[in-house]
Amino acid sequence: MDFNDSAEEARVRAEARAWLEESFPVWRSENGDPPYTTEQARSWHRALAAGDYGAPHWPVEYGGRGYGPVESAIWAEEKARVGANIVFNMVGFGMAGPTIIAHGTEEQKQRHIRAMLNGNEIWCQLFSEPGAGSDLASLATRAFRDGDEWIVNGQKVWSSQADEADYGILLARFDPDKPKHEGLAYFIVDMHTPGVEVRPLRQIDGDAHFSEVFLSDVRVPDANRIGEPGDGWRVATTTLMHERMSIGTSTGGYTFPFVKLAEIARSRYALDPVVRDNLARVYTQERILDFLNKRILSKLRRGEIPTAEGSILKLAIANLSSDAALLGVHLLGPDGALAGEGPQQHFLWERSLHIGGGTDEIQRNVIAERVLGLPREARPDKGLPFSQTRTAG
Ligand SMILES: Cc1cc2nc3c(=O)[nH]c(=O)nc-3n(C[C@H](O)[C@H](O)[C@H](O)COP(=O)(O)OP(=O)(O)OC[C@H]3O[C@@H](n4cnc5c(N)ncnc54)[C@H](O)[C@@H]3O)c2cc1C
């Protein structure tokens with residue numbers, strides 16, 4: 001494992017650090033403190049874009065810096081270091097943008113890439129359905145061709161930020177008589193089209209991070225299709241790969257940090273052995289996560305593709321996040337039961353990390369098959385037309 005930056009990586013880090021140290025405090029004093037509203041996050045994003053840091057992982061010709069995974073991880077680390085990892089349009093920058101760049105038409109790129117970069121478009125991901133999450137290729141939303149348009153009907157769920165989104169990336173089935181992965185098409189949907197109904201889902205923490213989206217006779221121009229009909233799964237694989245990468249390279253914001261737990265513990269306890277033991281456990285996990293990240297980066301530096309390491313990292317983030325949040329609310333004593341932005345907020349949110357971006361069980365399946373060499377899961381519907389599978393119901 002290589003712990004050191006190469007000369008070029010050290011240059012990227014120094015440049016990022018200098019820019020953040022100059023720009024973040026200025027923006028912060030104009031815009032107040034966390035938690036940030038969408039408009040504040042948009043304004044920070046515009047400051048980033050002005051500094052050419054709007055989407056540094058995008059190719060230079062599309063307004064990015066052409067950062068690979070190692071530089072992106074350095075950038076994420078530097079943002080986390082100063083507390084500037086403010087989320088804005090994660091689906092747009094992390095998933096829709098890279099997918100359009102890889103598979104979109106020139107017209108789609110002209111229409112959306114610059115607008116996204118300038119903070120003018122928020123995007124959502126319309127993939128999951130009540131009957132299709134882990135087994136995404138079993139989705140049932142239908143798209144029928146009608147001249148130069150498609151008519152879409154179905155229901156999506158868990159669509160993050162759909163209530164604020166201007167556009168959505170949509171997976172729909174155009175041919176139920178093909179095997180499940182082959183009958184899919186991928187579209188860009190204008191969220192203001194008649195027939196798109198967004199119903200926010202209120203969570204236990206009072207926030208409405210995601211929504212159900214009902215699509216009733218929604219007309220989508222064929223010009224909004226990405227890839228050929230039948231290419232939907234291949235295009236979605238690009239989106240999902242970028243989704244995993246954006247979770248993997250931004251570990252900073254997902255967990256309640258050890259330093260803050262230690263502060264709470266010091267202010268409230270005489271650091272008895274039990275508290276110290278629990279703190280040590282969280283500290284150890286945080287360090288292990290850091291090493292896991294570095295292990296992945298070392299592999300990428302050697303030009304190798306990490307496979308199951310991403311699943312191990314995702315499991316480790318979810319477990320650390322749960323343990324840190326639980327310890328935090330314990331340390332707060334009765335105050336832990338009151339609403340608050342600190343560990344209480346993390347406590348109410350941490351479960352979602354065990355589900356979104358691939359559940360714990362799915363990550364374990366990947367580890368079982370690719371690391372432990374256990375037999376692959378049975379796939380009784382392999383090769384069958386979707387219409388003849390049980391999920392088609
Ligand atoms: C915070 C958050 C944000 C999200 N944002 C979006 C979004 O913007 N757009 C979007 O489309 N979706 C989004 N999702 C949905 C997410 O992708 C799905 O929740 C996830 O894929 C799991 O699917 P599911 O909820 O349908 O659970 P299911 O797939 O039904 O799983 C139910 C349970 O069965 C287990 N299970 C399923 N299959 C297997 C298997 N083969 N082996 C062992 N166990 C299995 C699972 O681990 C789980 O415990 C989001 C989810 C979260 C939590």
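Trainee: Why is helix 1 called roughly antiparallel to helix 2?

Mentor: In this predicted model, the axes of helix 1 (residues 7–31) and helix 2 (residues 38–50) come within 11 Å and cross at roughly 150 degrees. Angles over 145 degrees count as roughly antiparallel, so helix 1 is roughly antiparallel to helix 2. The crossing of the two helices is right-handed.

Trainee: Which residues make the contact between helix 1 and helix 2?

Mentor: Helix 1 supplies Trp-19, Leu-20, Ser-23, Phe-24, Trp-27 and Asn-31, and helix 2 supplies Gln-40, Ser-43, Trp-44, Ala-47 and Leu-48. Sorted by class, seven residues of this contact are nonpolar, four are polar and none is charged.

Trainee: Why is Ser-321 called buried?

Mentor: Its relative accessible area is 1%. The cut-off for buried is under 20%, so Ser-321 is buried. Ser-321 belongs to helix 9 (residues 308–331). Leaving aside residues up to four places away in sequence, Ser-321 touches Tyr-254, Thr-255, Glu-350 and Leu-353.

Trainee: What makes Gly-383 exposed?

Mentor: The relative accessible area of Gly-383 is 58%. Exposed means over 50%, therefore Gly-383 is exposed. Gly-383 lies in the segment after helix 11 (360–370). Its C-alpha atom is separated by 50 Å from that of Ala-7, 376 residues apart along the chain.

Trainee: How do you know that both faces of strand 1 are covered?

Mentor: In a regular strand, side chains alternate between the two faces of the sheet. In strand 1 (residues 123–126), Trp-123 and Gln-125 are on one side, with Cys-124 and Leu-126 on the other, and all are buried.

Trainee: How do you know that strand 1 and strand 4 pair?

Mentor: Pairing needs at least two bridges. Four bridges join strand 1 to strand 4, and the two run parallel. Cys-124 stands opposite Gly-168 in strand 4.

Trainee: What makes strand 5 a partner of strand 4 and of strand 8?

Mentor: The same cut-off of at least two bridges applies. Strand 4 (residues 167–173) and strand 5 run antiparallel and are joined by seven bridges. Leu-171 stands opposite Tyr-186 in strand 5. With strand 8 (residues 225–226), strand 5 pairs over two bridges, again in the antiparallel sense. Here Phe-187 stands opposite Arg-225.

Trainee: Why is strand 5 called mostly covered?

Mentor: Six of the seven residues in strand 5 (residues 184–190) are buried.

Methods. Residues numbered from 1 in each chain as written. Predicted model: local features only at pLDDT ≥ 70, side-chain atom pairs only at ≥ 80, totals over all residues. Heavy atoms only, no water. Buried < 20%, exposed > 50% of the residue type's maximum accessible area, 1.4 Å probe, protein only. Contact = heavy atoms within 4.5 Å. Axes fitted to C-alpha atoms, helices over the stretch in contact; angles between N-to-C directions. Parallel < 35°, antiparallel > 145°, perpendicular 65-115°, else oblique. Left-handed = near helix turned anticlockwise from the far one by under 90°. Nonpolar A, V, L, I, M, F, W, Y, C, P; charged D, E, K, R; others polar.
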